[in-house]
Amino acid sequence: MSQSIDALREAALAALGSIHDNDGLSAWRAQYLGRRGAVSGLFGTIGSLPKAERAIFGKRVNALQGELRQAFEGREALIQSQRLARELEEGEIDISLPAQPRRRGGIHPSTRTHREFQQIWAEMGFQVFQSRDVEEDEFNFTLLNLPPHHPARDMQDTFYTTDPRVLLRTHTSPGQIRAMRALGAGGSKPIRVILPGMCYRQEQVTARSEIQFTQVEGLAVGRNIRMSDLKGTIAEFAKRMYSPDARVRYRASYFPFTEPSMEVDVECFLCGGAGCRVCKYTGWLEIAGSGMVHPEVLRNGGYDPSEWSGFAFGMGPERITMLKHGIQDIRYFWGNDLRFLQQF
Amino acid sequence: MLVPITWLREYVDIEVPVELLAERLTLAGLEVAHLRYIGLPQATVPGLVMPRSDHLVWERDKLLLGRIVEVKAHPNADRLVMALVEYGGGELEQCVTGAPNLFEYKDQGEISPPLWCALALEGATVWDGHSDKPRRATLKGRELRGIYNKSMVCSEKELGISDEHEGVILMDHDERFVAGMALADVLGDVLLDIEFTPNLARCLSMVGVAREVAAILGTEMRYPAYDFLAEGAPIAEQVAIDIREPALNPRFTLTLLRDTKVRQSPFWLRHRLKLIGQRPRNNIVDVTNYITFELGQPLHAFDYDKLCQRAGGLPTIITRLPQPGEQLETLDGEARALGAETILVADTAGALSLGGVIGGGETEISAETQNVLLESAAWNNISIRKTLREQKVHTEASARFSRGVHPSQAILGCQRGIELMRQLGGGTIASGVLDNYPAPPPAPTVALPIARVRQLLGMEVALADAAAVLRRLEFEVAIEGDVMLATAPDFRLDISADAVVGQADLIEEIARIIGYDQIPDTIMADEMPPQRENTAVLTEERIRDILAAQGLYEVINYRFTSRESEAQLLPAGAPMPAADSYVEIANPAASERNVLRRTLLGNMLENVVNNGRYQASQQLFEIGKVYLGGGALLPQEPQRLGIFLTGARAQPWWQEESPAPPMDFYDLKGVLENVLAALHIEDFRYERGTQPSLHPGRSADLLVAGERIGSFGEIHPQVAARFKLTAAPALYGEFAVAPLMRQQRRLHKVAALPTRPAVLEDIALIVRADMPAGAVEAVIRQAGGRLLKEVTLFDVYMGEPIPPGKKSLAYALTFQDDARTLTDKNAAKIRKKIIGAARHRLNAELRS
Ligand SMILES: [Zn+2]
């Protein structure tokens with residue numbers, strides 16, 4: 001009898017080894033492990049055996065059944081994994097075919113820089129104060145310590161409207177007066193604002209100069225605002241805007257609405273201060289004009305300059321954007337060529 | 001202004017390299033834009049980054065000061081001569097040259113007084129004088145028409161001094177000259193090109209710059225001599241002054257030099273004037289220019305005899321405003337009509353010159369002039385600026401007077417000028433200076449407590465140090481306790497008499513000279529103002545993000561346009577805005593940019609047309625101001641949102657069989673509704689469009705909370721045709737931003753997620769073809785009640801089997817109850833109600 005078990009095992013395993021698909025597996029299982037299969041047949045012969053052999057034979061058939069089931073599962077897993085591998089292989093696509101063109105959209109580079117500015121200044125307690133583009137001569141010049149015929153008026157080529165009292169602001173500085181008057185509560189409250197906005201100058205439009213450009217003006221007024229605060233604040237801005245170890249340099253300068261006045265240079269971030277074409281081989285890039293608010297301007301804003309002081313600064317976002325991205329032509333900004341805009 | 005370091009050194013000792021000096025000047029507010037080297041090497045200063053100069057450096061052993069002993073004819077060539085040059089070596093160097101300015105010495109024997117030249121020896125590198133482009137050449141020995149020649153007498157071009165190559169450099173004798181000196185020690189120079197801000201009017205001269213240098217370096221200032229040898233008759237007997245407008249002409253001085261000779265100025269004077277870009281003329285005119293640049297006090301020289309002729313006796317110089325219709329022909333040959341505010345220098349016969357600006361032709365110095373009347377005056381700078389604006393003339397004199405020259409300087413210029421003229425041209429100076437100075441301004445004295453300096457700068461400054469800085473700047477400083485009483489020097493006009501402003505003026509001087517780098521960096525200790533959120537800015541930025549996320553690109557345009565351009569945006573017959581509703585530019589950059597825009601449409605159309613050349617499908621937006629004038633002094637400047645869509649809904653792609661259809665009204669409506677949804681604005685509706693630039697049948701007005709805030713839709717076909725935007729619908733919407741900001745819900749409630757399953761039902765209704773879909777949906781929603789959660793129109797159909805004049809609208813309906821699970825039966829009941837309402841109110845039929 002044991003021969004019949006061995007023969008069956010041999011035949012079954014041999015048959016299983018040649019099976020490669022599900023149908024074969026089902027047929028094999030029916031043939032050997034099914035209710036009417038060969039193993040069941042062996043169980044059926046137990047009754048015809050002598051009593052003494054029954055137990056042993058039964059055990060051996062059980063073992064055979066277990067062995068064949070295991071072999072079946074192994075074979076089944078193998079066939080399934082082979083099939084999966086085949087399917088994966090057949091399902092391969094050309095990953096180099098072009099993507100579906102999704103519309104990306106984009107924010108104008110000038111806006112991007114303004115956002116960066118606004119965020120940095122907001123973190124430092126400076127909030128946005130919006131002021132008007134079409135200004136009175138008085139606010140753009142006279143109240144900023146630039147009376148009519150002042151030599152410094154030559155520094156700015158102004159667009160006048162047909163009403164000689166009204167012009168397009170040449171800088172965001174008239175917003176200083178408006179902010180002081182709006183927020184200063186008659187010269188009794190401190191102020192910390194930035195004034196972003198479009199400015200206008202009657203110039204030849206070239207790769208380097210435009211008739212309209214944006215500026216960000218900053219203004220802090222308080223009872224104890226010091227020039228060292230201005231330096232510290234600008235240095236902090238430079239660290240956040242350019243790099244944590246940006247070096248800053250200050251040059252004495254002149255703006256009618258600040259005194260003392262200074263220009264702020266940051267170490268050229270393109271050459272690390274070693275000198276390059278962009279920084280004109282000086283290692284420095286001019287980033288801001290700044291100074292302590294002139295006493296006359298404080299007065300015109302409603303403050304007593306013997307009690308109050310302040311600082312102000314002005315920056316040009318387009319210039320900074322140009323430096324950062326190596327943009328050679330300022331006319332790109334208002335040209336709105338999608339081939340330019342899509343690069344941001 | 002160009003400042004030769006050799007000239008500057010006459011007034012101040014400079015021990016630091018010129019590169020470092022330039023840096024110190026720049027940091028102190030005198031911006032040195034450029035250094036121009038003449039012959040001298042560029043120094044490297046540790047820590048200082050500079051553009052590298054590519055100039056010619058004169059080799060000290062090969063480029064020498066030579067003395068031309070004799071000039072001989074060349075034996076074989078008429079157009080060449082041989083200069084015999086002593087240069088400190090054993091023999092005379094024989095240079096063959098064609099320099100025309102040596103021919104007058106040919107075969108004249110030994111030249112006396114000594115004539116000096118720039119001698120290049122064999123092996124020296126110079127610029128090639130014959131090359132148009134800068135090209136270096138090294139001197140080699142060679143035969144020139146039979147005479148061996150190995151050295152050269154140089155022109156200015158060959159040495160890199162100027163472009164002059166007409167003749168060689170010939171220098172007058174100078175006691176300091178020794179044959180064989182390195183040329184670098186004689187003509188070597190560095191020119192500082194300094195740019196002056198308007199507050200530095202006092203620095204527009206060599207002495208002015210030298211004062212700053214002395215203050216910055218802490219060295220002594222050496223002023224030029226102002227005394228003069230006056231041996232003639234008293235000036236007051238020979239001329240008179242009559243100032244009629246002392247406010248415009250606060251001071252007028254005159255000196256007289258008789259029996260002088262007008263001739264060419266000596267080499268040193270011509271050389272200095274040429275270095276700073278001035279053309280030498282004659283010794284008299286050159287001195288007036290020289291003093292202008294040396295002291296910053298412009299001078300004017302008259303031919304005294306011509307004045308006497310005009311006066312028919314002793315002249316009286318009158319300064320006055322013009323008479324109506326008065327004219328003057330100035331030195332530049334221009335016959336000028338004189339405006340009412342132009343201050344004139346005149347005599348009894350009429351106008352002589354525009355005071356402080358330019359002289360008249362008639363009384364100018366000529367080769368025959370023997371007697372020179374020298375004017376040195378002071379002028380009101382505002383008055384000069386008005387003259388400049390009116391006369392459109394700019395001179396070195398007007399550049400200084402228009403920025404302000406202190407009247408105290410007039411007398412110095414007069415004295416220094418007349419003495420220099422005497423030295424160069426000979427003659428006798430009249431005794432005394434005729435000086436009319438009706439009201440000398442008091443020098444402002446500022447009381448400055450040291451505490452104020454410390455407080456404003458945030459820096460510990462010792463009282464003594466602050467006072468020392470001011471004294472270096474020539475303030476007179478008295479100290480009373482902790483207060484400095486500083487009196488401004490007489491050359492400064494920029495120190496205010498106002499107590500607080502004057503303090504700021506002085507604090508700036510102290511900080512500038514100590515150096516801004518010495519001020520510490522601090523964090524503001526001052527009270528922080530209350531922090532407010534700026535809703536306008538946040539909303540704008542939010543809208544930008546929403547639109548960019550939908551694939552739109554932000555544009556920012558010129559705010560300029562023209563009425564004609566804006567007229568192009570309207571169909572024929574539509575009324576234009578009133579003329580005065582535009583902000584009009586008086587001095588526009590171009591005629592098509594002579595007003596400010598009243599709509600964003602014009603710019604955006606232009607953008608689309610420009611980009612259309614290479615990109616058919618475009619989605620753009622702009623958020624920016626428009627300017628609505630009329631009535632008030634200043635216009636309103638509301639912020640607008642413009643959206644422009646045109647072209648295919650999607651770009652072509654290899655998986656799509658056919659190109660995507662063009663975007664239409666509903667695409668724009670979708671973009672808009674996303675904006676409204678993102679701002680949580682729910683109270684809005686549409687009405688038929690009223691914007692004349694848009695297609696009346698294919699546009700809508702947007703009303704938010706009942707307020708009409710903008711229009712959108714297809715551009716009017718007549719307008720679109722003008723811009724050749726006919727290939728696909730051009731879709732545009734423009735909206736006021738402020739109402740969006742006001743109506744947005746910043747804090748909206750979030751609904752709980754449904755826990756019960758939804759029941760989905762479809763329904764198709766047949767209605768009149770002209771029935772607005774919005775009306776159908778409204779009826780469905782109303783009838784559906786609170787359990788009808790969503791209504792989605794998924795098909796609009798006309799044609800068989802739908803009867804003519806009708807259309808079928810198919811909706812997917814979602815029913816859901818948050819409290820219980822709806823059954824199909826519940827849903828069917830509501831559906832029935834909806835069908836009933838549609839039948840009753842819309843005369844609709846259910847499509848089966
Ligand atoms: Zn650089």
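The model is predicted, so local features need pLDDT of at least 70, side-chain atom pairs count only at pLDDT 80 or more, and totals for chains, interfaces and linings use all residues. Residues are numbered from 1 along each chain as its sequence is written, chains are lettered from A, and side-chain values use heavy atoms, leaving out hydrogens and water.

**Stop 1: positive charge.** Select Arg208(A), Arg277(A), Lys280(A) and Arg319(A). They gather in a patch of positive charge on the surface. In such a patch, residues have over 30% relative accessible area and no salt bridge, and like charges are joined within 9 Å. A salt bridge is a side-chain nitrogen of Lys or Arg within 4 Å of a carboxyl oxygen of Asp or Glu. Now pick Arg319(A), in helix H10 (residues 317–325). A helix is a DSSP run of H or I, at least four residues. Arg319(A) has a relative accessible area of 39%.

**Stop 2: negative charge.** Select Glu87(A), Glu89(A), Glu90(A), Glu92(A) and Asp94(A), which form a negative surface patch. Asp94(A) sits in the loop between helix H4 (51–90) and helix H5 (109–123). Its relative accessibility is 43%.

**Stop 3: aromatic rings.** The structure holds 30 aromatic pairs over all chains. Rings of Phe, Tyr and Trp (its six-membered ring) pair if their centres lie within 6.5 Å. Select Trp121(A) and Phe126(A): their centres are 5.1 Å apart, with 75 degrees between the planes. That is edge-to-face, the word for planes over 60 degrees apart. Both Trp121(A) and Phe126(A) are buried, meaning under 20% relative accessible area.

Notes: Patch = residues over 30% accessible without salt bridge, like charges linked within 9 Å, V, L, I, M, F, W, Y side chains within 5 Å. Areas by Shrake-Rupley, 256 points an atom, 1.4 Å probe, with all protein chains shown as cover. Lys, Arg positive; Asp, Glu negative; His and termini not counted. Charge placed at Lys NZ, Arg CZ, Asp CG, Glu CD. Helix = DSSP H or I, 4+ residues; strand = E, 2+ residues; numbered from the N terminus. Buried < 20%, exposed > 50% of the residue type's maximum accessible area, 1.4 Å probe, protein only.
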